[in-house]
Amino acid sequence: MLDRAFSARRTQPHSLFGVPTSSAVSDVSPDAESADLLADESKTKKPHLYVLASNYMSGLGLVKSPCLCLSLCLLLIVFILFSLMLNSRSFVCLSSYDPISRASFFGLDGLDSDFGSLGVPWCRSKQGKTVEWTSKDLVKGLEEFVPIYETRPIKNNMHGMGFDHSFGLWFIVQWLRPDIMIESGAFKGHSTWVMRQAMPDTPIISLTPRHPEKYLKKGPAYVDENCTYFAGKDFVDFGSVDWERVLKKHGISDFSKVLVFFDDHQNELKRLKQALKAGFNHLIFEDNYDTGTGDHYSLRQICDQFYIRGGGHSCFKDSDEARIRSKRKKFWDKAVDIDELCGPHEAWWGVRGELRDNFNHNNTPISYGEHFQNSRFVESILDVYWELPPAAGPSLTHQTRYDPARAPTPIVEDGRYRMFKRLGLDRLERSVFNGYTQMVYLQISKPET
C-alpha cells in the first residue's frame, strides 16, 4: 500500500502550490540508509545452530555415525541455550504480560504485527493520482522533526495528537507551503504550534469552541500571535463562515493555496461537502477512524466497500475474519471483533450501521445503499487520497493501541532498530506513539461533467 502512495519521484522538492522551496525535506543519504539496512538485516541472518553444531562435529570426525552425530548435535544445542540463559546479559526474557513480545516470539496466527493483513481500504481518486513525496522523504522528515517535537510546549497532550499525527501535519504543511492555514478544532493549541513550526510566518485561522488561552489556567497550552481566532464568544462553525470575505481580509483570493486541517470530530462527509462548496482543494483530516470505531463518520469508513481492495466485511461468526479479529482483540487495544463490528441485521458499515457525528452525540442509522452512494460521491470529487503511515512498527515503539492489521506499512518497519535510533525516535516516551488513527490528506475538486 505504501508503494502505491509513493509512485511519483522527484529530484528537487517543490511546493504543490507551485512555489519552489529549498526548505522542503529531501532524500535521506543512500549510504546511511544502506548501512542501516545491512546492520538490521545482519541481526536476522545468523547461521542456524544445527548447521554450526554439524560443522563442529564434522571437524571432530564424528559424522561417520548419523545417529551419533544427531544426538551429539542436539546435546550441544541444549548446552549452548542453557549457557546463554545463565551467562548472557543480552538474553531476552519474555514477560507473559507483554503482548507484542509474546505475539512475535510464538508467531500465533493473527497476532503478530502483520500490517494490512485485514485490509486497508484506500479511497479511489478520479485519475489515480498520488502524492509527490516518497518514503525516503518521510524518513528524512522524521530525522528533522524529532528534535522539533521535543521542544513542544504541551508535553502531555492527552486527548490530542501524539507523535505520528504531529509529524504528519508538520510534514504535509512544510511540503505544501500554503499561503494561509485554517484549522477547525484547536483544543489546547498543539496543532497550531505544529503548523507554526512548519511555516513560521504564514497566517493561521483557528476555529475552536473554547479559546486555547482558557487552558493556560490549568496547565500548558499554546496561543499564537499570528493567528486569527474564531473562539469562545466569537466562535463560528466551519460550514457557516463566509470564507470569501474572511480570506479577502488576509489578501487571499486563490483558494487552491489554502490548506484546511480538520480535528473537530464532525462527520467528514459533511465537512468534505462544505469545503468543496467553499472552493478549497487541500484538506487534512486528523481522526480518520477505521470502520467500527470512533465518534464520527470518516473517510476510511466511507471507502470501506466490497469493491475496494481490502474493503467490506462479513458478520459470519465462524469466518476466518471473525477468528482472526477475535485473537487480535486480546493483543491490540483498538482491535475490533465481529460482535463490535456488526450491528443489527449484520450492518457493519460506519459504526454498526450508524453514521456518527459531533463527538458521538448525533448518531443516525444509514442503509448500505446510502453508505455505498456516499463512497461514489467521494470518488467523484477526489483527486488524491493518502493515509499517513505509522512512524514505526510496534516492536520499536511498543505501542499496543491500534491494530497493525488495519494500517499501512510503517515508515520505519519492525526490525529496523538502528534506523529507529538514528532518527532519534528511541528518545521519545512510548505513550506518544499510541494516538495513530490513519490521518489522511486529500486533494478535491468539483465532479467532472
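Reply: Helix H7 and helix H8 cross in a right-handed manner (right-handed if the near helix is turned clockwise from the far one by less than a right angle, left-handed if anticlockwise). Helices and strands here are DSSP runs numbered from the N terminus, a helix being H or I with at least four residues and a strand E with at least two. The model is predicted, and local features need pLDDT of at least 70, side-chain atom pairs count only at pLDDT 80 or more, and totals for chains, interfaces and linings use all residues. Residues are numbered from 1 along each chain as its sequence is written, and side-chain values use heavy atoms, with hydrogens and water left out.

H7 covers residues 163–176 and H8 residues 190–198; their axes come within 8 Å and cross at roughly 40°. Axes are lines fitted to C-alpha atoms, for helices over the stretch in contact, and angles run from 0 to 180 degrees between N-to-C directions. H7 is therefore oblique to H8 (under 35 degrees is roughly parallel, over 145 roughly antiparallel, 65 to 115 roughly perpendicular, and the rest oblique). On the H7 side, Ser166, Leu169, Trp170, Val173 and Gln174 meet His190, Ser191, Val194, Met195, Gln197 and Ala198 of H8, where contact means heavy atoms within 4.5 Å. By class, this contact holds six nonpolar, five polar and no charged residues; Ala, Val, Leu, Ile, Met, Phe, Trp, Tyr, Cys and Pro count as nonpolar, Asp, Glu, Lys and Arg as charged, and the others, Gly among them, as polar.

H7 also packs against H6, with axes that come within 10 Å and cross at roughly 110°. H6 and H7 are therefore roughly perpendicular to each other, and their crossing is right-handed. From H7, Phe163, Ser166, Phe167, Trp170, Phe171, Gln174 and Trp175 take part; from H6, Asp137, Leu138, Gly141, Leu142, Glu144, Phe145, Val146, Ile148 and Tyr149. The residues of this contact divide into 11 nonpolar, three polar and two charged.

Aromatic rings give a further link. A pair of aromatic rings is described by the distance of the centres and the angle of the planes. Rings of Phe, Tyr and Trp (its six-membered ring) pair if their centres lie within 6.5 Å, and planes under 30 degrees apart count as stacked, over 60 as edge-to-face and the rest as tilted. The whole structure has 30 aromatic pairs. One of them joins Trp133 and Phe171 edge-to-face, at 5.5 Å centre to centre with 85° between the planes. Trp133 lies in the loop between helix H5 (99–106) and helix H6 (135–149) and Phe171 in H7, so the pair ties together parts 38 residues apart in sequence.

Trp133 counts as buried because its relative accessibility is 0%, and Trp386 counts as buried at 1%.

Conventions:
Buried means under 20% relative accessible area, exposed over 50%, partly exposed in between (1.4 Å probe, protein chains only).
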